[in-house]
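User: Could you take a close look at the aromatic side chains here and walk me through how their rings are arranged? I'd like the geometry together with the surroundings.

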Amino acid sequence: MSDRKLAAQFFDAAIALLQRARDEEADSVEAAGTLLADTVAAGGRLFAFGAGHSSLAAQDVVYRAGGLALMNLLAVPGVVGVDVTPATLGSALERVDGLASAVLNTSPLRAGDALVVISLSGRNALPVEMAQNARALGVRVIGLTSVAYASETTSRHVSGTFLKDHCDVVLDSKIAVGDAELTLDTVPAPFAPASTVVTSALLQAVMATAAGVLAERGIEPPLLRSGNVDGGHDWNGRIMEEYRDRIFYRH
């Protein structure tokens, strides 16, 4: 099989997953976007967290042209992407009990805020405790995960629960356990993960919904513009000044 055919198969698989997410998660996307709009309208702040490659979708909505300026990254040193050496340390830290509490206790999160927690498997201690403990603080939580893991794997948290069990709204990425869309007789392992594509698309759909809900209520959505278009810097400067007490990545 040619590389070109494999590429087409991956695109087909990703497109099929995106269509499923669009059709099957429409209500959840609407609920999540409304939750964020409610938080903005009530004076709350927005945060996103993900560990490992799940952090890519979280970073994608922070300080992003066309995105909500109030979305802040809740970063945990050592687990944001593959920014540590060895990279396997990040995976190990996801399984450490109590780490989420230490992060939340030193973060600006407070009651009335909203937190998006992204974890493909939703089985490790860090995302489970992040959602669980944030809700205990009075923070509303949106979980973005593959629900299939909850029925096909076991939790690594002492409670036996998954991320999906501690959220106000759950978005299911539809990604199969193992996160690999292609197989080939001559390749000993499945390959071509699509979780980043689908997870980022779902989260951007939530952001778009939140902006629309705010506009429907007569509230200007606090959106950023590209700094590479004329007037973009001035626009962003106005937004950041107006919401300076709710934006933490500029300090």
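Analyst: **Aromatic rings and their neighbours**

Let's start with phenylalanine 47, which counts as buried because its relative accessibility of 2% falls under the 20% cut-off. Please keep in mind that this is a predicted model. With ring centres required to lie within 6.5 Å, the count comes to 3 aromatic pairs. One of them joins phenylalanine 47 to phenylalanine 248: the centres are 5.7 Å apart and the planes meet at 25°, so this pair is stacked, the cut-off for that being under 30 degrees. It bridges distant parts of the chain, since phenylalanine 47 belongs to strand E1 (residues 46–50) while phenylalanine 248 is in the segment after helix H9 (232–242), 201 residues apart.

Tyrosine 63 sits in the loop between helix H3 (55–60) and strand E2 (71–73), and tyrosine 249 in the segment after H9, so the contact ties together parts 186 residues apart in sequence. Tyrosine 63 is exposed, with a relative accessible area of 54%, whereas tyrosine 249 is partly exposed at 26%.

Finally, a look at charges over a ring. Tryptophan 235 has the charged end of arginine 225 over its ring, 3.8 Å from the centre. The charged end of arginine 238 also sits over the ring of tryptophan 235, at 4.6 Å from its centre.

Terms used
Residues numbered from 1 in each chain as written. Predicted model: local features only at pLDDT ≥ 70, side-chain atom pairs only at ≥ 80, totals over all residues. Heavy atoms only, no water. Phe/Tyr/Trp six-rings, centres within 6.5 Å; stacked < 30°, edge-to-face > 60°. Helix = DSSP H or I, 4+ residues; strand = E, 2+ residues; numbered from the N terminus. Buried < 20%, exposed > 50% of the residue type's maximum accessible area, 1.4 Å probe, protein only. Lys NZ or Arg CZ within 6 Å of the ring centre and 35° of its normal.
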